[in-house]
Amino acid sequence: MEGQILTYTKVDNGLLASFNGIDKLTTLNSKSFKDELIQQIRLSETDLFLDFSEIKFIDSAGFQALLALHINAILCNIEFVILKISKEVLQIFNFVELNL
């Protein structure tokens with residue numbers, strides 16, 4: 001299953017979302033990313049795993065999108081897990097003390 005920003009694969013314990021040729025989560029694409037994943041969270045009613053291996057940079061809009069997704073997952077009683085975070089992005093996560 002493919003969206004505009006992400007490709008989705010069913011896995012044993014939920015849904016795996018992977019980015020479609022995107023290596024930055026910024027003001028330019030974070031709203032589309034957030035809207036697409038919120039729709040998946042609400043429709044799938046299954047745990048969501050986000051493969052972040054291709055993302056090399058994230059700005060404040062990207063962080064806001066992740067926070068909104070985290071909140072929506074909680075409200076829908078769905079586990080939202082970010083997988084395979086690159087070293088570059090992990091450094092940014094640690095810098096802003098983000099623990100989703």
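Me: Contact means heavy atoms within 4.5 Å. With that cut-off in hand, which elements do the buried residues of H1 pack against?

Reply: Bear in mind that this is a predicted model. H1 covers residues 30–44, and its buried residues include Phe 33, Leu 37 and Ile 41. An α-helix has 3.6 residues a turn, so residues three or four places apart point the same way. The partners of the buried residues of H1 are strand E1 (6–11), strand E2 (14–19), strand E3 (24–25), strand E4 (48–51) and H2.

Me: How far apart are the end C-alpha atoms of H1?

Reply: H1 has 15 residues, and at 1.5 Å a residue they should span 21 Å. The model agrees with that, since the end C-alpha atoms of H1 are apart by 21 Å.

Me: Which residue just after H1 takes a positive phi?

Reply: H1 runs over residues 30–44, and the residue we want comes just after it. Its phi is about 50 degrees, and the residue is Glu 45.

Me: Is Leu 75 buried or exposed?

Reply: Leu 75 lies in helix H2 (residues 60–75). With Leu 67 and Ile 71, Leu 75 makes a nonpolar surface patch of about 310 Å². Exposed means over 50% relative accessible area. Leu 75 has 68% relative accessibility, so it counts as exposed.

Me: Which residue in E2 stands opposite Val 11?

Reply: E1 and E2 form a hairpin, with 2 residues between them. Their pairing is antiparallel, over 6 bridges. In that pairing, the residue of E2 opposite Val 11 is Gly 14.

Me: Over in E6, which residues make up the uncovered face?

Reply: E6 takes in residues 80–83, and 4 bridges join it to E4, the two running parallel. In a regular strand the side chains alternate between the two faces of the sheet. Phe 80 and Ile 82 make the covered face of E6, which leaves the uncovered one to Val 81 and Leu 83.

Me: And which residue stands opposite Val 81?

Reply: Val 81 sits in E6, and E6 is joined to E4 by 4 bridges. The residue opposite Val 81 is Phe 49.

Me: Which helices do the buried residues of H2 pack against?

Reply: The buried residues of H2 include Phe 63, Leu 66, Leu 69 and Ala 73. They pack against strands, among them E3, E4 and E6. The helices they pack against are H1 and H3 (87–95).

How values were computed. Residues numbered from 1 in each chain as written. Predicted model: local features only at pLDDT ≥ 70, side-chain atom pairs only at ≥ 80, totals over all residues. Heavy atoms only, no water. Patch = residues over 30% accessible without salt bridge, like charges linked within 9 Å, V, L, I, M, F, W, Y side chains within 5 Å. Areas by Shrake-Rupley, 256 points an atom, 1.4 Å probe, with all protein chains shown as cover. Salt bridge = Lys/Arg side-chain N within 4 Å of Asp/Glu carboxyl O. Buried < 20%, exposed > 50% of the residue type's maximum accessible area, 1.4 Å probe, protein only. Expected span 1.5 Å × (residues − 1). Pairing = 2+ DSSP bridges.
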